[in-house]
Amino acid sequence: MQSGQQDLTSKPNDNRYNNTSVSLHWLMAVVVFGLFALGFWMVDLTYYSSWYKTAPYWHKSVGIILAMLLISRLFWRFKAGKPAPIASHSATTIKMATAVHFLLYLMLLAIVLTGYLISTADGRGIDVFSWFEVPGLGELFSGQADIAGALHKWFAYGLMGLVALHALGAIKHHVIDKDATLKRMWWSKNQENSKENP
Ligand code: HEM
């Protein structure tokens with residue numbers, strides 16, 4: 001195992017993501033795809049649509065849930081580390097995967113931050129499903145809503161492009177290389193005795 005990397009299951013030979021990491025990964029993937037689809041659809045709604053106010057309300061509420069999931073995931077990632085790279089992967093593959101993972105986290109952060117800046121530019125907070133409100137900081141710089149809005153859109157497209165690359169890479173490892181890349185990002189009933197180690 002390389003320095004700075006821990007085994008998530010505290011068993012040295014159990015080289016897979018643990019169930020908490022797997023759950024956070026796939027839950028966030030579903031939420032991100034849902035938010036992208038909702039955002040893409042809602043920007044074309046007219047004032048006369050019954051979804052005109054409801055769709056942005058859902059988009060913002062779920063966006064705050066995504067931000068909370070992201071913070072939890074980053075905490076968990078720093079606490080638990082990640083499994084060592086698969087032995088058959090070249091140094092270039094490992095570097096590329098690390099760079100893509102880093103960019104995925106960075107884009108997610110940028111998207112939730114710009115979403116917050118759009119929603120709070122008018123001074124109002126964000127009401128999350130009427131459960132609680134995230135306070136707004138108001139307009140922090142001039143043209144905030146427009147600038148953050150443009151960045152939010154392009155980061156969202158960028159994220160989708162990066163996710164496509166990421167998913168194709170994972171599928172290629174599974175189907176062509178037939179290695180454990182995808183399997184170790186799936187739930188394991190018995191983590192203690194997992195033999196997914198490449
Ligand atoms: C919005 C969608 C997605 C996002 C934001 C995302 C993000 C990430 C991130 C940040 C990691 C790195 C985990 C870490 O070590 O901290 C990761 C790992 C992984 N993801 Fe995704 N992912 C998405 C969708 C997918 C899809 C659709 C697939 C498969 C078809 C996939 C397969 C994997 C696999 C196999 C790993 C583990 C890679 C390894 O062991 O090095 N992901 N994902």
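1. In this predicted model, the crossing of helices α1 and α2 is left-handed; a crossing is so called if the near helix is turned anticlockwise from the far one by less than a right angle, and right-handed if clockwise. Helices (H or I, at least four residues) are DSSP runs, numbered from the N terminus. The axes of α1 and α2 come within 10 Å and cross at roughly 155°; axes are lines fitted to C-alpha atoms over the stretch in contact, and angles run from 0 to 180 degrees between N-to-C directions. The two helices α1 and α2 are therefore roughly antiparallel, a term for angles over 145 degrees. Their contact comprises 17 nonpolar, 7 polar and 1 charged residues. Here Ala, Val, Leu, Ile, Met, Phe, Trp, Tyr, Cys and Pro count as nonpolar, Asp, Glu, Lys and Arg as charged, and the others, Gly among them, as polar.

2. Residues are numbered from 1 along each chain as its sequence is written. Because the model is predicted, local features need pLDDT of at least 70 and side-chain atom pairs count only at pLDDT 80 or more, while totals for chains, interfaces and linings use all residues.

3. Helix α2, residues 54-80, packs against α3 at an angle of about 140°, with the axes 10 Å apart. This crossing of α2 and α3 is likewise left-handed. From α2, the contact draws on K60, G63, L66, A67, L70 and L74, and from α3 on Y105, L108, L109, V112, G115 and S119; residues are in contact if their C-beta atoms, placed from the backbone, lie within 7 Å. By class, 8 of these residues are nonpolar, 3 polar and 1 charged.

4. For α3 and α4, the angle is about 155° and the axes are 8 Å apart, which means that α3 is roughly antiparallel to α4. The crossing of α3 and α4 is left-handed. Their contact has 18 nonpolar and 8 polar residues, and no charged ones.

5. Which residues come nearest to the ligand? Of the 20 around it, they are A29, V32, H101, A167 and M185, where a residue is near if its C-beta atom, placed from the backbone, lies within 6 Å. Two or more residues of this shell come from each of α1 (19-42), α3 (91-120) and α4 (144-175). The shell holds 13 nonpolar, 4 polar and 3 charged residues.

6. The protein chain averages a pLDDT (the predictor's confidence in each residue, from 0 to 100) of 91, and 88% of the residues score at least 70. Residues 6-13 stay under 50, and residues 193-198 are also below 50. Where pLDDT is low, the predicted coordinates should not be read in detail.

Definitions and conventions:
Contact = placed C-beta atoms within 7 Å. Parallel < 35°, antiparallel > 145°, perpendicular 65-115°, else oblique.
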